[in-house]
Amino acid sequence: MAEWNMVGAGKAPEGTAAERVTSSLRRLVLTGALPPGAQLSQSRIAADYGVSRIPVRDALQVLSSEGLVDLGRSTAVVHGLSISELQELYELREAVEPMLTGLAVPSIGRAEVTQMTSLAEAMESPLSATDWLAANAKFHALAYSCADRPRMIELTDRLRRLTDRYIHLHVSVIGDTDHLHTEHRQILAAVRRGDAAAAAKLTRAHIATAHEFILRYLLGHDS
């Protein structure tokens, strides 16, 4: 397994050293510039980014918690995509997120609806896959934040981060995202009229449809 270097990675975003390295490596993994199985050396990353190994170690810990890399003693390996992982993560999401949506709807106010509307519109405009993922996460988080269920919200956020690579695959490789836009508009309409049951049902369908799209792709590209 060959080591992978960061040549051509571009300048890391602003923030602390660990945040800059985390953000840059996350982008490289999500976009496939660092492919599954790539071996990442802490010392090589530190040299390429001009930082010490401490922020690199911290960055890799964060990426490990997001399911993007598997940690070894001095190296990390980019985590692979798998059908079994996809199915488990999406089964969990289908169990938790509709319930959380239903609990949240009665407390969702005009401010959240306005922000969700702006995000839904932004997702239908030309965006990079990375920016689309960020907008998508915020769209759903705005609703969930009103549920007053901190542990469920924390679990949902973690599951979303663990599925980010699969969603990125859907948006940037598989394409055919019109159904996502339609589903967002349907969820938003249910939220706007205060229909908790419909919003929960639509959220479950939204997750299940994305699961089906990605699963079919992986089954056809099992190499």
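Reply: Helix 7 and helix 9 are roughly perpendicular to each other, because their axes cross at roughly 70 degrees. This is a predicted model. Helix 7 covers residues 150-174, and helix 9 covers residues 196-220. Their axes come within 10 Å.

Which residues make the contact? Helix 7 supplies Tyr166, Ile167, Leu169, His170, Val173 and Ile174. Helix 9 supplies Ala210, Phe213, Ile214, Tyr217 and Leu218. Of the residues in this contact, 10 are nonpolar, one is polar and none is charged.

Now turn to helix 6. Its buried residues pack against both helix 7 and helix 9. They also pack against helix 1, helix 4, helix 5 and helix 8. Among the buried residues of helix 6 are Trp132, Leu133, Phe139, His140 and Tyr144. Helix 6 runs over residues 129-144, which makes 16 residues. From first C-alpha to last, helix 6 reaches 23 Å, close to the 22 Å expected at 1.5 Å a residue.

Next, the whole chain. The protein chain has nine helices and three strands. Their order from the N terminus is α-β-α-α-β-β-α-α-α-α-α-α. The radius of gyration is 18 Å, close to the 17 Å from the globule rule for 223 residues, so the chain is as compact as a globular protein of that length. Its C-alpha atoms fill a box of roughly 55 × 40 × 35 Å along the principal axes. Buried residues make up 45% of the 223 residues. Among contacts with a separation of 6 or more, 75% join residues 24 or more positions apart.

How values were computed
Residues are numbered from 1 along each chain as its sequence is written. This is a predicted model: local features need pLDDT of at least 70, side-chain atom pairs count only at pLDDT 80 or more; totals for chains, interfaces and linings use all residues. Side-chain values use heavy atoms; hydrogens and water are left out. Axes are lines fitted to C-alpha atoms, for helices over the stretch in contact, and angles run from 0 to 180 degrees between N-to-C directions. Helices (H or I, at least four residues) and strands (E, at least two) are DSSP runs, numbered from the N terminus. Angles under 35 degrees count as roughly parallel, over 145 as roughly antiparallel, 65 to 115 as roughly perpendicular and the rest as oblique. Contact means heavy atoms within 4.5 Å. Ala, Val, Leu, Ile, Met, Phe, Trp, Tyr, Cys and Pro count as nonpolar, Asp, Glu, Lys and Arg as charged, and the others, Gly among them, as polar. The expected span of a helix is 1.5 Å times one less than its number of residues. Buried means under 20% relative accessible area, exposed over 50%, partly exposed in between (1.4 Å probe, protein chains only). The radius of gyration is taken over C-alpha atoms; the globule rule is 2.2 Å times the number of residues to the power 0.38.
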